[in-house]
Amino acid sequence: MDNIYFLMIVALAFLAIADLIVGVSNDAVNFLNSAIGSKAISFRTIIIVASLGIACGALFSSGLMEVARKGIFVPSEFMFSEIIIIFMAVMITDILLLDFFNTLGMPTSTTVSIVFELLGAAVAMALIKIGANDGSFSEVLNYINTIKATEIILGILLSVVIAFSVGAAVQYVSRVLLSFNFEKKANWVGAVFGGIALSAITYFIFVKGLQGSDFYTEIEPLIEGRTVLIVTFSFIIWSLLSYLVITVFKQNIYKLIIAVGTFALALAFAGNDLVNFIGVPIAAWQSYEAWVASGMPATEFAMDVLDEKVPTPTIFLLIAGLIMVLTLWFSSKAKKVVKTSIDLSSQEATQERFSPNFLSRNLVRFTLLASKYTSTVIPDSIQKKIDKQFVKPSIALSRGKTHDLPAFDLVRAAVNLMVASMLISIATSMKLPLSTTYVTFMVAMGTSLADRAWGAESAVYRVAGVLNVIGGWFFTAICAFVAAGTVAYLIDLGGGTMIAVLLLLAILLLTRNYIKHVKKTREVRAEDSLIKAESNSIHGVIEETADNISKSLKRVGKIINNTMVGLINQDLDALKKAKNMVVKLESEIEELQNDIFYFIKDLDDSYLNASKFYIDVIGSIQDVAQSSSFIANVSHKHVNNNHKVLKKKQAEELLAINHRLIKLFDQIREVFETRTFDRIFPPIMEEKQALLESVQESIQKQVERTRTEDSSPKNTTLYFSILLETKDLIMANMNILNLYYEEHQRSKELLDLDE
């Protein structure tokens, strides 16, 4: 039996490494979004600064492991055999839960997940003990630290509201005072702003970043009770240094604020949130050591030892810090989670990830009504001055650089870091529990709202996104509690065998999610992905869109072929694959359509004809996609509903048409790949006419079969639908060819005139 507990400790060590990786992938959003979103410094520099912060924070986190030992449950009420089950259940649940959110690209709170997992597992184990002793359900309160759990729940609710409100208020005042032309303000303005921001961040480093560490106890007498003095002195020093940076060294003070703020939040993240990843395994290891030293049976050794403060070995902290830094450098999931936060706070138009819902629409309507009311209260002269501060300076951008713009400017990035630092510092000094994820995310959302980044075009999508993320946070708490409790019960029921099964299941799920993530990433970067036009001349647009036509036809050919084969063979998997391919193609075409506004806006007056051509081309590509989508959907519906198989003659005719259609697509693709538009007339047009006649002939044959043979109504309807849509598909391709042929001929005529 002793060997089982040793193996559990070994398993927990590996689970700790895995938890570090998935945890950093999730929490990277806390300290990277402001620097990355503002593009203040290069990505490489951002990662280096954050890595230094993580390394320092990991070394200072020794004193912060208490929550895993005694913060949620009462250790003395559990035996070693029970406590080790709690810890094992927590770690298995935590890895799977965080990886699930990372795969979705949704930031969640590692603090909340670990707390509610500890709570759920402890409650489950307490109920098992109470049930074995025929006790009362009310006795569960003897096992749980109810006061701490209540504080954490209240802290979650308060941190969401306060962070959003304060972030919005500070950003609004900052923008009114600094405007979007902040770099043209007097030097002293930047120096004062730098003094305020850097003072808040510096104080944050000492109070939140180092508090709880062994090092903090040495400097605590110098800090405690002197908050006002320290902040005032810091403000004076930092303001003077900021003025020197601006005037003497000619450097941008906002970039310095962002770099220091990124370091500070990374340090605090590692120093405080490290407990969320390795606190439980270390507590389990220390429990195991104490039990082995006692020589008592595992079922009789009470865990009073966890009530004592035990320092964490430095070697563990060093290893944990190294794993966190490596994850930060190489995790693609971390970048995906950061992207969610940046997209929701972006000042520029982005591809919205979230769909509007009832709540988001009504919140936006209510806000608009409130805005109209307040505008009647504020005098027009003052309102005009305020509005002037929110006008963004016009920037001349080439098409190639449009999408390289930062998501927001340096002022908002600095405010994000400054406000997050201040709020976390204040809460820590008041010993209030809170989640760094909640604070940093909600501050970013508040500053976005105040900065008018959520306009009429994007508000319902952004609000829906924020509501989804917040809903995910509370979903995390519920899932963590239930899942950890369930896993603890299963382990108690099945012992070592169940632990092996659960670990194997965890490995399989993590591997599956990783493979799906890699596959999805490859799909995004696929060579057949459509690209946005960036040229501003007809010739340039022809060159760029010709590639899109070729790629689209290649994909449509695969869709139609999969659909025909799946329909004839009653292969539902092939039909599902065809439907998924259509959805992805239509999504990319929608992105091209969304880009039309910016394409036209950036065109020179002399090249406006390019816009009409580009619009017509995208419209024709969309027609092709819609026809293939209709054919794929009706075929899938027919097979999915278990309707009759197509008759032999119908199948033969469809396969013949499909073969000729694919051949036509290949010919058209070759024209676009080689840019030999002279080949459109007459060879391809003749093939197109012959194919149309063949489709019409099949329609006529089916009409005759319907009148003379015993035909299935569903089969007949499906057959006619596919043939009619195939005609539309062919005609849409011909429209594309006509567009390019006419433009090609026009270019040749102009060239002849020049000569």
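Helix α17 is mostly covered in this predicted model, with 14 of its 15 residues buried, where buried denotes a relative accessible area under 20%, exposed over 50% and partly exposed anything in between (1.4 Å probe, protein chains only). The helix comprises residues 436–450, and its end C-alpha atoms lie 21 Å apart, which agrees with the 21 Å that its 15 residues should span at 1.5 Å a residue, the expected span being 1.5 Å times one less than the number of residues. Just after α17, R452 adopts a positive phi of about 60°.

The model is a predicted one, in which local features need pLDDT of at least 70 and side-chain atom pairs count only at pLDDT 80 or more, whereas totals for chains, interfaces and linings use all residues. Residues are numbered from 1 along each chain as its sequence is written, and side-chain values use heavy atoms, with hydrogens and water left out.

Over the whole chain there are 25 helices and zero strands, these elements being DSSP runs numbered from the N terminus (helices H or I, at least four residues; strands E, at least two). Of the 755 residues of the chain, 51% count as buried. Among the contacts in the chain with a separation of 6 or more, 86% are accounted for by residues 24 or more positions apart, a contact being defined by heavy atoms within 4.5 Å.

The axes of α3 (residues 43–59) and α12 (residues 314–330) come within 8 Å and cross at roughly 160°, axes being lines fitted to C-alpha atoms, for helices over the stretch in contact, with angles running from 0 to 180 degrees between N-to-C directions. The two helices, α3 and α12, are therefore roughly antiparallel to each other, on a scale that counts angles under 35 degrees as roughly parallel, over 145 as roughly antiparallel, 65 to 115 as roughly perpendicular and the rest as oblique. The crossing of α3 past α12 is right-handed; a crossing is left-handed if the near helix is turned anticlockwise from the far one by less than a right angle, and right-handed if clockwise. On the α3 side the contact is made by R44, I47, I48, A50, S51, I54, A58 and L59, and on the α12 side by T314, L317, L318, G321, M324, V325, L328 and W329. By class, this contact of α3 with α12 has twelve nonpolar, three polar and one charged residues, with Ala, Val, Leu, Ile, Met, Phe, Trp, Tyr, Cys and Pro counted as nonpolar, Asp, Glu, Lys and Arg as charged, and the others, Gly among them, as polar. In the loop between α2 (29–38) and α3 lies K39, a residue other than glycine with a positive phi near 50°, and K39 is partly exposed at a relative accessible area of 47%.

For the second pair, the axes of α5 (residues 80–104) and α6 (residues 110–132) come within 9 Å and cross at roughly 140°, an arrangement that makes α5 oblique to α6. The passage of α5 across α6 is right-handed. Residues making the contact include I85, F87, V90 and L97 of α5 together with I114, L118, A121 and M125 of α6, and the contact as a whole divides into twelve nonpolar, three polar and four charged residues. Helix α6 has 23 residues and reaches 33 Å from its first C-alpha to its last, close to the 33 Å expected at 1.5 Å a residue. Of the 23 residues of α6, 19 are buried, so the helix is largely enclosed by the rest of the structure. D134, which follows α6, has a positive phi near 55°.

K701 is found in α24 (residues 683–708) and is partly exposed, with a relative accessible area of 37%. The C-alpha atoms of K701 and K649 are separated by 9.8 Å, although these residues stand 52 residues apart along the chain. N642 occupies the loop between α22 (609–640) and α23 (648–674); N642 has a positive phi of about 60° although it is not a glycine, and N642 is exposed, with a relative accessible area of 70%.
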